[in-house]
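Please go through the following briefing with the sequence and the structure open. Points are grouped by topic.

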Amino acid sequence: MRSALLTLSVLVLSLVQGEASARQQVEIRVRIKKSMRLVEVSGMGLHIGRPTGLVSIATPKLGVRRAQLKRIGDGKWLVSWLGSGERQIISARRLSVRGQMLKVGIEPVPYELELVPSDGIKKFDMVARLDLEAYLAGVLPSEMPISWPIEALKAQAVAARSFVLSRAFARRDRHYDVDSTIVDQVYRFFHDLDGKPALRKKLNLALESTRGQVLRGKGDRILQAYYSADCGCQSEDPKYVWGESNDYVSVKDETCQSRKTHRWSTNFEKDEVRSRLLAYLSLPESASLGALHAGSRTPSGRMAEVAAVFKMGSDQRKILIGAQEFRRVFGFDRVLSSDFQLRWNRRKLELEGKGMGHGVGLCQRG
């Protein structure tokens, strides 16, 4: 594991194993759906009711049952059992859902869920409650290929465990600890490893051999351990991504001497560039895009800001757009990192870059 943790060691972090924490069961609240108005759930022995006592709505039945759940007001839920036509209103702030082989639509989900009111009088979030290690078993294959070397998987397990525990502490007053998406770290309940015993064994080994291990930063607190797919040979200072540095600094990735960093390119039609920027900046349809070019760069060489110049009648307006906002506007799946060059080729905007992700913390390919 020593070689796989070299990149983390460069960040002047300490790897700590606590026997007490390894024995304790830690519950993680994972938000798997957000701001929903209606959801269909199914499962064997499906039970729906108040979180306390878990009183089922109808007489328990064997086999798969399906229901539609809807929040109809503050503290009221409508449950419609599909097939039987039964409908019932439950008075509760939160709703509990349990069952074997549970699904939301066609997506397999953990067997214990809570529906929690969110933004809007009739919207709700769906939150799964999971043991820490069970949660990590859904994160590891989602964030790193299980076919990768075991030492890399161990390093990833330590980083992911540290990240979620740090997030859980910071969000202890919220109704969830982490999102199941790239907003935090990707979690998927179901992975096709059952027919691949060697890979399943490898996943279990990575988790078991690092159980209880976390990264600690300043003040001996658990580090919010960021990571990205490929730092492009130089990691990024998080103040240029999120506005704060915490325990991180930008460092060179020594592994780039023996590996090829990921290079990418993409292009956009000028009309698409204009329409996306007008929508993002809330500019009038009459505004024309005069220029788009690099504004400034960070010390690591990444784009810090993109400068857009618009003409509106006789006026000209220059607007600086943060690189991460630029990536969001044009798609994280197309602008893969902020380490890019841009140029116009007739009526097309061409981008060429290297690396994948925000570049902060552990470089997974490294």
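Gln 324 sits in helix α7, where helices (H or I, at least four residues) and strands (E, at least two) are DSSP runs numbered from the N terminus. With a relative accessible area of 17%, Gln 324 is buried; buried means under 20% relative accessible area, exposed over 50%, and partly exposed in between, with a 1.4 Å probe and protein chains only. Beyond its neighbours within four places in sequence, Gln 324 is in contact (heavy atoms within 4.5 Å) with Val 241, Phe 332 and Ser 338.

This is a predicted model, in which local features need pLDDT of at least 70 and side-chain atom pairs count only at pLDDT 80 or more, while totals for chains, interfaces and linings use all residues. Residues are numbered from 1 along each chain as its sequence is written, and side-chain values use heavy atoms, with hydrogens and water left out.

**Helix pair α6 and α7**
- The axes of α6 (residues 270–281) and α7 (residues 323–330) come within 10 Å and cross at roughly 115°; axes are lines fitted to C-alpha atoms, for helices over the stretch in contact, with angles from 0 to 180 degrees between N-to-C directions.
- From α6, Val 273, Arg 276, Leu 277 and Tyr 280 meet Glu 325, Arg 328, Val 329 and Phe 330 of α7.
- The residues of this contact divide into five nonpolar, no polar and three charged; Ala, Val, Leu, Ile, Met, Phe, Trp, Tyr, Cys and Pro count as nonpolar, Asp, Glu, Lys and Arg as charged, and the others, Gly among them, as polar.

**Backbone**
- Ser 35, in strand β2 (residues 27–36), has a positive phi of about 50° although it is not a glycine.
- Asp 220, in the loop between β12 (213–216) and β13 (227–228), also is not a glycine and has a positive phi, of about 65°.

**Confidence**
- The chain has a mean pLDDT (the predictor's confidence in each residue, from 0 to 100) of 86, and 90% of its residues reach 70 or more.
- Over residues 1–23 the pLDDT is below 50, and this stretch has 44 contacts in the model beyond near neighbours in sequence.
- Where pLDDT is low, the predicted coordinates should not be read in detail.
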